[in-house]
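Hello,

Here is the structure I promised to pass on to you. Please have a look at it first, and then read on for my notes.

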Amino acid sequence: MKAAQITSYGDAVDVLRINDVDRPAPGAGEVLVRVEASSVNGHDVIVRSGEMKIVSGRRFPLGTGLDFAGVVTGSGTGVEGLRVGDRVWGTVHPRQRHTIGGAAEYVVVPADRLAPAPAALSAAEAASLVVAGATALIAVRDTVRLAPGEKVLVRGAAGGVGTAAVQLAHALGCQVTALARARHAAALTDLGADEVLDHGSTTSDRIGPFDVVVDTVGTELNCYRSRLAKRGRMVTVGLSAPALAAIAASSVYGARRVRTFSANPDATVLRDVADHVTSGALRPVVNSVYPLADIAAAHQAFERGGVVGKHVVAVSE
């Protein structure tokens, strides 16, 4: 079978290859999925660049593709509730080393990392929402406990997590301000933003206060934390060494500290995301779809940024 693999750490065009590998076999409690689509996430780029060597190690090749949507084709002993032919979505474990990831014709994962994919979505649409939708849901529902009627700032609103967070906040009846490029205003308004501010000309001291700040960028965290109302909360999913330092330093502010988390959705979270899709509260935002052979170009497009929505890799029909 074909699988996208990282042959060494570095730039996408230099290290990403489509290799012929053996089809994996599911063990006890595991499911074999024929992958139809996978999306490009920040995690994939960080692993490929070598920023997660402490986890991924120095043995190659490494698989790439954190998430996937596809069809169950087999399972090991002890698997219940999933049958051959079921359409599913899921993720590989973000903190484990994989030689085969979601960007492959087949992938094996534990059954508790899968859930039924929303029936109304295509494979590419489903793949675009696995990590992005789950991360946004955990951020607004579990981390900052967003409440109806609150004023919310979504920073980096045009990205995968940002577009999902805008929709979820809007569905909850919040007043949503999106911070993104000015040219994305119409798209973000259509997703539910009440106001769209140009990140290039809007400084943090000119906006707010907000009850909640959802940050997907990971820079200037203290500046945006200062725009919180008295009982405000802030969460960031844009992690880097400076961001982690700012998060740690913000602990002195108690409830108004900067929160973060490592998104690792299980089947329960994926079912919850599917429920939001079914209810109409959340819809996919796909910017572009690349064939598996062009996964390096998909990574490059992700790194360039400047678009609305997700870059998806079509693995099979």
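Let me start with Arg145, which sits in the loop between H4 and strand S9 (151–155); helices (H or I, at least four residues) and strands (E, at least two) are DSSP runs, numbered from the N terminus. Before going further: this is a predicted model, where local features need pLDDT of at least 70 and side-chain atom pairs count only at pLDDT 80 or more, while totals for chains, interfaces and linings use all residues. Residues are numbered from 1 along each chain as its sequence is written, and side-chain values use heavy atoms, with hydrogens and water left out.

Arg145 is not a glycine, yet its phi is positive, at about 50 degrees. With a relative accessible area of 62%, Arg145 is exposed (buried means under 20% relative accessible area, exposed over 50%, partly exposed in between, with a 1.4 Å probe and protein chains only). Glu220 also has a positive phi, near 50 degrees, and is found in the loop between S12 and helix H7 (221–225). Glu220 counts as partly exposed at 46% relative accessibility. Most residues other than glycine have a negative phi, and most peptide bonds are trans.

On that last topic, the bond from Phe60 to Pro61 is cis, with omega near 5 degrees, and Pro61 belongs to the loop between H3 and S4. Gly208 and Pro209 are joined by a cis peptide bond too, with omega about 0 degrees; Pro209 lies in the loop between strand S11 (195–198) and strand S12 (210–215).

Phe60 turns up again in an aromatic pair with Tyr9, which is edge-to-face: 4.8 Å centre to centre and 75 degrees between the planes. (Rings of Phe, Tyr and Trp, the last by its six-membered ring, pair if their centres lie within 6.5 Å; planes under 30 degrees apart count as stacked, over 60 as edge-to-face and the rest as tilted.) Tyr9 lies in the loop between strand S1 (2–6) and helix H1 (12–15) and Phe60 in the loop between helix H3 (53–56) and strand S4 (62–63), so the pair ties together parts 51 residues apart in sequence. Tyr9 is buried, at 18% relative accessible area, whereas Phe60 is partly exposed at 32%.

Finally, which residues of H4 meet H5? They are Ala132, Gly133, Thr135, Ala136, Leu137 and Val140, and their partners in H5 are Gly160, Val161, Ala164, Ala165 and Leu168 (contact means heavy atoms within 4.5 Å).

Happy exploring!
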